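Please keep the sequence and the structure in view while reading.

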Amino acid sequence: DCREGRGEGAFALPWKGRWLVQFYVGVPHYDRYATVIPAAFPDESEGPPDPSDTLDVTINGVTQTFHNDMGNGAGNKLFFFHVFEGCKELEYAFAFHSHSDRTHLHLFASNGEATFLGDELASVARRQLGEGQGRLTGTAVDACDGKLLAPHARVSDGYGGVMTLANEEVSVRLLVGTTALFSLSLHAARFSLSLPPGSYACEATYPGFYSFFDPNCDVLNRQERKQTIALCPLMNPGHGRFILSWGASPTDLDLMLNAPSGAPGGGRCTVWYLARFCRKQQLRLDYDVTAAYGPETITVQGFEAGKYYLRVRHFGGHRFVDRRTNLDPLLVASHAMVTYYVGHMAHRFHLGEAGYVEREDWMVLVVDGATGQVALCTPVLCPREEHAPGP
């Protein structure tokens, strides 16, 4: 029957060290008028969930019991968020008990994320740094509304709702190789730190958000680097989210997604700052930035069959295009990065390494809505003039 079940196993980790394991347990929400659409969680129309139903999760000896009741949870999600020290493997067991055999009334565990928090080879890592001092400053924000992730702040849950944060700051680390060499002290989601120049990676974690990682957080001697850490709220099953970030120049890059419109007769639509919604808001521009750094964010609440083309455009960049190269030099030097969150994965695409640039457009990638396959844009696969929203 479908009233109880158990699953267990082990997952090998690539390195020994400190690991953060997080995922959410979804709690269904009864709505007698709910309709079946792609990835419709949390709404269901089969009846009220039984709060006595449970899901017991045990990982490396740590057990947490979840009940089929939201309580103080946010966005119908209850969080598992634990750090494990010095481990090379995760042993797990999941056991659920329910009084109903109706599948949509059950709790479920989302895909999990294991984030490497570093090893203890600090002496080796320090030898890779330069002489002198530089400075790293910045903020930690919600990628869906740009608000500071400060203690007790009310920020977007990624779905039009609001969640109240706990009384804690975002955890931010600077890695050199596999070693977390510096932990940043944040005050109301802001940070400023003097440190030796070198090649760093930025990593940030917070309950209810996917881990943030930027491999290019280099700090130069006698220079200040500004970094916006944009954390993505955990998503519902089957959804995807694109987040654009870049440097101090140019001030305005636009994220654009051309997708199937979902209309009975077919057709396509483009989500960007001039058309923020498509397909009854299942595709939407969550946040638009015109003062550099980002984030700009687009969410897809369920993919339909067809191609999804993603591009980045420098607003007004046609004025700077070099006739000899047919490239916008400000866009080329922008250090733009797109992170695509889907399932348990975060795919990162860097300008100059992924897709191609033509004039003021970076043609990034195309997603097959039926299979989920991601392909990098080429002039043949993603012609710039095709599906263009306008000048």
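The largest cavity has a volume of about 120 Å³, where a cavity is a set of points on a 1 Å grid over the protein atoms alone at which a 1.4 Å probe fits but cannot get out, and where a volume is the space filled by probe spheres set on points joined across faces, edges and corners. The model is a predicted one, in which local features need pLDDT of at least 70 and side-chain atom pairs count only at pLDDT 80 or more, while totals for chains, interfaces and linings use all residues. Residues are numbered from 1 along each chain as its sequence is written, and side-chain values use heavy atoms, with hydrogens and water left out.

Lining residues are those with an atom within 4 Å of a point; for the largest cavity there are 16 of them, and F212, A230, I243, S245 and M337 lie nearest its centre. At least two lining residues each come from β16, β17, β18 (240–245) and β25 (337–342), strands being DSSP runs (E, at least two residues) numbered from the N terminus.

The second largest cavity is lined by 14 residues, with N258, Y309, R311, E386 and H387 nearest its centre, and β19 (253–260) and β24 (307–314) each supply at least two residues of that lining.

A pocket, by contrast, is an open set of points with protein on both sides within 12 Å along at least five of seven lines. Of the 32 residues lining the largest pocket, W19, G112, E113, A114 and T115 are the closest to its centre, and β1 gives the most to this lining, with seven residues. The second largest pocket has 23 lining residues, among them N216, R225 and H335, and the largest share, five residues, comes from strand β17 (residues 224–231).

| Space | Volume |
|---|---|
| Largest pocket | about 800 Å³ |
| Second largest pocket | about 580 Å³ |
| Largest cavity | about 120 Å³ |
| Second largest cavity | about 90 Å³ |

Strands β18 and β25 also belong to an open sheet of six strands, in the order β21-β22-β23-β18-β25-β26, with antiparallel pairing; two strands pair if DSSP finds at least two bridges between them. The edge strands, β21 (277–278) and β26, each pair on one side only. Within this sheet, β22 (residues 283–287) and β23 (residues 296–300) run antiparallel and are joined by four bridges, and L283 stands opposite V300 in β23.
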